[in-house]
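This report describes a protein chain by its fold, its charged pairs, its aromatic contacts and its surface. The sequence and the model are shown first.

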Amino acid sequence: MPVVRSKPVANTSVLTSHLGIVRLLEVLFSCVTFSLVVHRGAWSQHHSDGDWCLFSWCFCFAVTIVILLAEVLGFQHRMPISWKNFPITFAMYATLMCLSASVIYPVTYIQKVQGLSSEERGYRIAATVFSCLTTLVYAVEVTMTKAKPGEVTGYMATVPGLLKVVETFIACIIFVFISNPVSYDSYPALKWCLAVYCIFFILSLAVIILCVGECTGWLPCAFNKFLSGYTLLAVLAYATATVIWPLYKFDRKHGGQPNRNCSNYHFCAWDQLVGVAVLTAVNLLVYLADLVYSARLIFIQG
């Protein structure tokens, strides 16, 4: 009888493709980053900042491993998610997470810490460098997998889809700034700003979940019209928050504090208020760009 050779289960060619090599670099760089930090215990002095940095590197490492294993073993088509949308959505979040960690870690654990030995400082600088490299390779993946002109792909691979990720990430940073200490409960107008941040964070996140879960058909109206409608409302609402927040926080007529009254050079509560004002304006611009691209998609499809 002829010998029947079984086909290999693993598709190792995934690892040698350009995208596979980029993902292997993501795994390598993120692993080196958190290994350097954990080896020296250099994340426990400022718990919230250090925990976020360590979580970002470990989370990105773990999810990238899962994505690689799924593609090597051919499990991606058996998962109850859209593989056209999930990897690039994660890569965009990973880029932003590692970017934030690459900024927070050196500021918190190198610049603000006195009396570090040359060896300890070297470890922390090396961790920062590898964190920046991790950010870079995730950004490369986003660039490689982003939809090209005329290409039919998932919504999250388009510019509006990637902007949804940026919108939710910026909103998360705003939540951190306004909640510690609480800075939105002194006037009803500031509570309106909080409502704007919350409502459109939830809607943008819902769009991402619907796309990744391939559930856009659950909407009672056309998906593209829903996107344009809620993005237009987001632009209008964020425009009001962009005016109201600095008016009530920095104008003395409304009980604001126009000047920085911190006694040191460290990041303080007043700096957080400035950060919220800046991030609100940035998110307004992001939503405006989202609206322009979403409207363009409607005209193209029409």
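Which residue forms a salt bridge with Asp290, and how far apart are the closest N and O atoms? The partner is Lys164, and the closest N and O atoms are 2.7 Å apart. The model in which this pair is found is predicted.

## Overall architecture

The secondary structure of the chain consists of nine helices and zero strands. Read from the N terminus, the order of elements is therefore α-α-α-α-α-α-α-α-α. The C-alpha trace spans about 95 × 60 × 25 Å along its principal axes. Of the 302 residues in the chain, 44% are buried.

## Salt bridges

Side chains of opposite charge can pair when their charged atoms come close. The structure holds four salt bridges. In the bridge between Lys164 and Asp290, distant parts of the chain are linked: Lys164 belongs to helix H6 and Asp290 to helix H9 (residues 269–301), 126 residues apart. Lys164 is buried, with a relative accessible area of 0%, and Asp290 is also counted as buried, at 0%.

Arg23 forms a salt bridge with Glu141, where the closest N and O atoms are 3.1 Å apart. This pair likewise links distant parts of the chain, with Arg23 in helix H2 (residues 18–40) and Glu141 in helix H5, 118 residues apart. Arg23 is buried at 4% relative accessibility, and Glu141 is buried at 1%. A further salt bridge joins the side chains of Glu120 and Arg124, at 3.1 Å from N to O. These two residues are four apart in helix H5, and are therefore separated by about one helical turn. Glu120 is buried, with a relative accessible area of 10%, and Arg124 is buried at 3%.

## Aromatic contacts

The structure holds 16 aromatic pairs. In one of them, the ring centres of Phe55 and Phe59 are 5.4 Å apart and the planes meet at 20°, so the pair is stacked. Phe55 and Phe59 are four residues apart in helix H3 (residues 47–73), which places them about one helical turn from each other. Phe55 is partly exposed, with a relative accessible area of 43%, and Phe59 is partly exposed at 34%.

Trp57 and Tyr105 form an edge-to-face pair, with 5.6 Å from centre to centre and 70° between the planes. Trp57 lies in helix H3 and Tyr105 in helix H4 (residues 86–111), so this pair ties together parts that are 48 residues apart in sequence. Trp57 is buried at 1% relative accessibility, and Tyr105 is buried with a relative accessible area of 1%. One aromatic cluster is formed by Trp52, Phe55, Phe59, Phe90 and Tyr138. Elsewhere, the charged end of Lys249 sits over the ring of Trp245, 5.6 Å from the ring centre.

Where does the side chain of Thr64 reach the backbone? The contact is with the backbone oxygen of Cys60, at 2.6 Å. Thr64 is placed in helix H3 and is buried, at 1% relative accessibility.

## Backbone geometry in the loops

Most residues other than glycine have a negative phi, and most peptide bonds are trans. The peptide bond from Asn180 to Pro181 is cis, with omega near 0°. Pro181 lies in the loop between helix H6 (159–179) and helix H7 (188–212).

Glu214 has a phi near 55°, a positive value in a residue other than glycine. Its place is in the loop between H7 and helix H8 (223–250), and Glu214 is exposed, with a relative accessible area of 59%.

## Nonpolar surface patch

Ile125, Val129, Leu133, Leu136, Val140 and Met144 make a nonpolar surface patch of about 450 Å². Val140, one of these residues, is located in helix H5 (residues 118–145). Patch residues must have over 30% relative accessible area; Val140 is partly exposed, with a relative accessible area of 33%.

Notes:
Residues numbered from 1 in each chain as written. Predicted model: local features only at pLDDT ≥ 70, side-chain atom pairs only at ≥ 80, totals over all residues. Heavy atoms only, no water. Patch = residues over 30% accessible without salt bridge, like charges linked within 9 Å, V, L, I, M, F, W, Y side chains within 5 Å. Areas by Shrake-Rupley, 256 points an atom, 1.4 Å probe, with all protein chains shown as cover. Buried < 20%, exposed > 50% of the residue type's maximum accessible area, 1.4 Å probe, protein only. Phe/Tyr/Trp six-rings, centres within 6.5 Å; stacked < 30°, edge-to-face > 60°. Lys NZ or Arg CZ within 6 Å of the ring centre and 35° of its normal. Polar contact = N/O pair within 3.5 Å; in protein donor to acceptor, adjacent residues only side chain to side chain.
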